[in-house]
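The sequence and the model are shown first, and the notes follow.

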Amino acid sequence: MTSRPARAGALSLGRYATYGVLLLLALFAVGPMLVFGFNALKTPSELATSPLGLPAAPQWHNFADAWQEAAMGVGLANSVVVVISTALGVCVISGCAAYAMGRLRVPGSNFLIFYLLVTSALPIQLFLVPLFYLWTNLGLYDNLLGLIIIYWAVFSPFATLLIRSYMVGLPKEYEEAARLDGAGEWKVFARVVLPMVWPGFLTAALIAGLSAYNEFLLAVTFIQSTDKMPVSTAFFAFKSGYTQDYTLISAGGLIMVIPVLVAFLLLQRRFIEGYISSGMTG
Amino acid sequence: MSEPLSRRRFLQLSGAAALGATALAACGSGGGAGGDQITYWGAFQTKDLEKYFKENFIDAYNKAATGADALKVNMTVKQIETIDRLTQTAVASGSGPDLIATFGPAQTLNYVGNGNLLPLDPYVAQYGWQDAFLPWALDAGRVDGKLYSLPANLETMAVFYNPATFAQHGWKPPTTLAEFEALCQDAKGKGMVPVGAGNAEWKPATEWDVTWVWNTFAGPTALYEALTGERRWTDPVFVDAINLLKGWFDKGWFGGSTDRYFTNKNSTVYSQLAGGGAALVFNGSWAFAEIGPYFGEAAGNDATWDFAPLPSLGSGVPAGVQPLSVGAAYSINKDCAQPARAADVLNYFVTDPARQLGTLAATGLPPAPVKVAEKDFPASTDPRVRRQYLALSSGANIGYTTWTFWPPKSDTYIYEQMEKVLVGQLSPQDYCAGLDKVFQEELKAGQRPPVPAPTGA
Amino acid sequence: MAIMQVHRSAAPAARPGHAERRTRLRRAAVGFAFMAPLLVVNVVVIAAPGAMSIWYSFTDWTGLGPASFVGLDNYTNLLGDPEFHNALLHNTLWTLFFLTVPMAMGLFGAFLLSHIRRFQMLFRVAYFIPYVVATVVSGSIWESLLSPDQGIGDGLAAIGLPWLKDVNFLGDPDLALGTVAFVNTWQWWGFLVVIFLASMQAVSPQLYEAARLDGANRWREFWHITLPGIRPTLMFLGLMTVIWSFLIFDYIYILTQGGPAGSTDVLGTLLYRNAFANLQAGYAASIGVVMALVSVIAVSGFLYLRRRGWDI
């Protein structure tokens, strides 16, 4: 942001208006979440009579009820496994590929970029049905590892392009110097390049982890057993169950969102810078 | 993901799934660690039902199965929304469970067509199935003379109401078209929803209305003729029935308005009935299993519910038609290594009237279509429920539900395209003509389940 | 693009030809080794099953039994299928909506934010929050807010604003598609704000100074400096919008399942229904191929224009 000389007098009204509009937009973004939070603390009848109001007497037990009925505990534990494995795997897979494309200048890199752009833009439904058969035959169906491998494949193209964009910007003198000192490619990668682009890795890990946590279609297709469901499908199963109690659904939804919100607020710079530096800004 | 610890953890986690995939090979191979079992995938509407089934069917069978050649049943619980698609893909890729559960004989046909199922005829005499089941229900599982599935539940449709609401407005359950329309008019005028209805959670709910209207307006005889190819679906008697239904939706009688119908959930419908906001609910006997929590102590009100037979909407159609529904059926996977043992499990699951009615009394879950007598019902059975199943067991005045007796694509057509009729994008004539096209093709291809002849009142 | 530069050894070797070629070959081999994990998972999970789908699109596969070749039947059926036309129309409307409404909101928010210093960070975080919320959850949030019985309509009516009372956003076939798009916009536009803001901040301040000397007002500033300055970002997000709009599935599946009466049906839900409910996996595969074609064409067009030297 450039620092501009504040324009005097006449503009301060405009400034107030700007803040006013920005506040309204912020209310639009955050308001529905707040209502959702209030709803989680109401009784069903209170929700019906006062859908947008504050809860009269917070029903904290809704969270305990939702936790139990939706099996959120098991879901969260599974999600932790999925998220960490996805993030680590994507970093390894994409880091290696990005290094090859960005630093080693492997022939055909341009085609590969095109290929990655296309595969990350393909409809999942295109390969869903045959993949389902393949996974069933390999014993990877209804198996967290099976889901994680799919996530590796689905999230690594974007992560590769992201990490590559960090690597392309590095001055190559460092590597050349290391190579002249007789370092092998692996050593150059691990000792020289990696330390300089780790923010790219962190960002790729955060984005892949978040995507894996929130992912729905693949999880609902490839995981069936209740004790293996990640939290997104556990919550969906609960939400589309036969009895509909919006207060408990709200509480369950919040249980799912809160870990992400906390992580986001703690690491928001990293998250946001990550999306920005992913090449979307040209 | 590279450290061995987590890999071991994954192997543990995948144990159960691997079992499912390899159980076929292991099934009956003898001596394999934990491999001697019959695999079964179950899906339940609620946790309580799951628990009841596990204790009274799976665990009970396993406890009793102590013979030398006895095998235990291993049940894996799946989600009810996805179990059919899941089973289809798993069976097709050769890794389905030994016992295949479907949502009825129409779905079974797909498996039969692909040669996925074993005929059950060798076991009919051994277990006395011919006498145990209502004859039409067992016949529904036959394809080209061979038996491929056992019916696992029996349901019908009825009209549910709240006696207190009826007393307050001086209504009685309608038995004719005129009475039904007068009641709806009166209810609408009083600001009520005449017929509580909605398909937000379950899109196929729309076919419930098509089913009861056709059965009571066109009547079982006309339906039987159409199902056997002697009458076309473009016949005025079917078109007029759809016109009638569409007119009621347009008047806002169903669910309050057509748009509300699309977003009403089951909970909305039952709550309206309990709270006096809705006059009638046309629903299946499966409602017995889910209606409880909205009435009386559980819901914190003093409301009660009751049901009446369906009214007659057309001349010459007797009141009280009972459209038959078999909403679940069991078959044996052709890859099962121990089919005789699997048949034994099937027999245990569906034939014993006491176990079937015990389940009905305890959970409201519909029993298999086995022959029952008044004395078979446990004392704890809800008298309303007993009344319904005794009537069904009599086999009188039967009708046809679209999800049991129509071929699969025709069935899908019925509820998907009906939405277009309701919003005015498709005329009842074109709707019936479209159905006729789909149906005749499937009929020719042998896709229609066996249909019992109508029995009259 | 940096990637297109020809690699040159930093220190010119005494004998260029032979040794350098060997080094290059060796490095290529190492490079492929580094790419192997990506290629393996990609081929197993995406490319091979994708290729199988293309094959299935020429068959009458039901999803259960064997498949037999039927030539172009599925594709000719698609051309005459009103459900397909309906879904394609909705995808097109969806694309147009997302190219305009959320884009305009994102540009507007980013432009306003770029003019303040205090609390800029805070607003940025607030706008971004919906983006990290899972679709299943934001689906529930809005399902409850848009419910005709206990949603915004009733809440506003209670404080004397009855316009939205009894409007059934997800049940009215005329409103449903717009409503789902709105819910998706709620989650998406804050992301656009953040990206556009970063892009705007990279525009050279001198350009603004010059404009100001010319007496330009904010609107002219936005139109003549900001927009051209962030054109690459706009184009890239435009491309992604087209691609994502043809892939849209989650929100529709969760909120309306394509209903009421097909009014929110898109290619993604049509495909899913055909594959899993109607037992027409071959036909479904042909829909998937059409969806994939849209993506391939969009990406190819974008790269072609970029290679032709367009500044996008």
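How far apart do the C-alpha centres of domain 1 of chain B and domain 2 of chain B lie? They lie 32 Å apart. The structure is a predicted model, with an ipTM of 0.85 and a pTM of 0.84.

## Two domains in chain B

Domain 1 of chain B is made of residues 7–154 + 326–385, while domain 2 of chain B covers residues 157–324. Where the domains meet, seven residues of domain 1 of chain B are in contact with eight residues of domain 2 of chain B. The side belonging to domain 1 of chain B has three nonpolar, three polar and one charged residues.

## A sheet of four strands

Chain B has an open sheet of four strands, in the order β8-β9-β7-β10, with mixed pairing. Strands β8 (193–195) and β10 (306–308) of chain B stand at the edges with a single partner strand each, so one side of each is left without a neighbour in the sheet. On average, neighbouring strands of this sheet are turned by 35 degrees against each other, direction ignored.

Strands of a sheet pair through backbone hydrogen bonds, in either a parallel or an antiparallel sense. For β7 (residues 157–161) and β9 (residues 278–284) of chain B the sense is antiparallel, and the pairing runs over five bridges. B:F160 has B:V281 in β9(B) as its bridge partner.

## Helices on the sheet

Two helices of chain B can be described together with these strands. Helix α10 (residues 206–227) of chain B lies across β7 and β9 of chain B and runs at about 90 degrees to β9(B). Helix α13 (residues 266–274) of chain B packs on the sheet and touches β7, β8 and β9 of chain B. The direction of helix α13 of chain B makes about 135 degrees with that of β9(B).

## Chain C and its contact with chain B

Between the two chains, 18 residues of chain C are in contact with 20 residues of chain B. On the chain C side, nine of these residues are nonpolar, eight are polar and one is charged.

## Confidence in chain C

Chain C has a mean pLDDT of 85, and 93% of its residues reach 70 or more. Over residues 1–14 of chain C, pLDDT stays under 50. For residues 1–14 of chain C, the model has twelve contacts beyond four places in sequence.

Terms used:
Residues are numbered from 1 along each chain as its sequence is written. Chains are lettered from A and ligands numbered from 1 in the order in which they are written. This is a predicted model: local features need pLDDT of at least 70, side-chain atom pairs count only at pLDDT 80 or more; totals for chains, interfaces and linings use all residues. Domain bounds come from an automatic or database domain assignment. Ala, Val, Leu, Ile, Met, Phe, Trp, Tyr, Cys and Pro count as nonpolar, Asp, Glu, Lys and Arg as charged, and the others, Gly among them, as polar. Two strands pair if DSSP finds at least two bridges between them. Axes are lines fitted to C-alpha atoms, for helices over the stretch in contact, and angles run from 0 to 180 degrees between N-to-C directions. pLDDT is the predictor's confidence in each residue, from 0 to 100.
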